[in-house]
Amino acid sequence: MSYTPTEMMTIAAARAIRNDDVCFVGIGMPSAACNLARLTHAPGVTLIYESGTIGTKPDVLPLSIGDGELCDTSVTTVSVPEMFRYWLQGGRISVGFLGAAQLDKFGNINTTVVGGDYHNPKVRLPGGGGAPEIATSCGEIFIVMKQSNRGFVENIDFITSLGHGKTGKEREELGVKTKGPSRLTTDLCIFETDPATKEFIVTSIHPGVTREQIQENTGWTVRFAEQVIETPEPTAIELDALRALNERTAKAHAGK
């Protein structure tokens, strides 16, 4: 079956979600991956969004955390202070699923400023929202992001959400007890975190992609695992579910 790199990325990211996960979902590609998992192999996953919706099962992908679709289809909706203090900081969420504008090899995320300095940046981004707390309080962090030299950089311009720090040691030194970034899925490959150095290493390459392509689209020197597998191609069930979800979303949001 034919499929696009974005479909491969979304499906590969979705496969990381387990049926018993309680997952804090970011808007955009993380939301697509998590809802695809719910619609396929992980119907029991509990999806939580920053606006306070718990156990939400949207029929279409939300435009933002304030999209009424999330509240309408949730088991319950709690206040944002309760969401963060009791659920997130209370250690009740197993996975945080995030995206990024810039990312380094230790999983530090920038969604604040690019270029220049904080007060005079080349580009000012939306900021962190709840992502900094998600990054430190969830059991582990999965990241999904299209791969390019522009986004995958040796040194990010601003650490919005902590990964493992600038050297891979800072998370532990700061006393953060959660696992942190453990998996990064792109349109080219899958990275996982080296237990010793805490840097991302390639463990799976998507069909038709070369190691040279991965390095060409990465701003740091890429490390490959001793045994690198080929990512299994999307199944018909996965592709059908993803395409139907995207079609419903496009129709629902037409003109908005």
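## Rings, charges and a helix pair

Modeller: Gladly. At 42% relative accessibility, Y86 counts as partly exposed. Please keep in mind that this is a predicted model.

Biologist: How do the rings of Y86 and W87 pair: stacked or edge-to-face?
Modeller: Their ring centres are 5.4 Å apart, and the planes meet at 80 degrees. Planes over 60 degrees apart count as edge-to-face. So the pair of Y86 and W87 is edge-to-face.

Biologist: Which residue puts its charged end over the ring of Y86?
Modeller: A charge counts as over a ring if, for Arg, CZ is within 6 Å of the ring centre and within 35 degrees of the ring normal. Here the charged end sits 3.7 Å from the centre of the Y86 ring, and it belongs to R92.

Biologist: Is W87 buried, partly exposed or exposed?
Modeller: Buried means under 20% relative accessible area, and exposed means over 50%. W87 has 23% relative accessibility, so W87 counts as partly exposed.

Biologist: How are helix α1 and helix α8 oriented to each other: roughly parallel or roughly perpendicular?
Modeller: Helix α1 (residues 5-14) packs on helix α8 (residues 236-253) at an angle of about 105 degrees, with the axes 11 Å apart. Angles of 65 to 115 degrees count as roughly perpendicular. Therefore α1 lies against α8 roughly perpendicular.

Biologist: And I237, is that residue buried or exposed?
Modeller: I237 has its place in helix α8. Its relative accessible area is 63%, and exposed means over 50%. So I237 is exposed.

Definitions and conventions
Residues numbered from 1 in each chain as written. Predicted model: local features only at pLDDT ≥ 70, side-chain atom pairs only at ≥ 80, totals over all residues. Heavy atoms only, no water. Axes fitted to C-alpha atoms, helices over the stretch in contact; angles between N-to-C directions. Helix = DSSP H or I, 4+ residues; strand = E, 2+ residues; numbered from the N terminus. Parallel < 35°, antiparallel > 145°, perpendicular 65-115°, else oblique. Buried < 20%, exposed > 50% of the residue type's maximum accessible area, 1.4 Å probe, protein only. Phe/Tyr/Trp six-rings, centres within 6.5 Å; stacked < 30°, edge-to-face > 60°.
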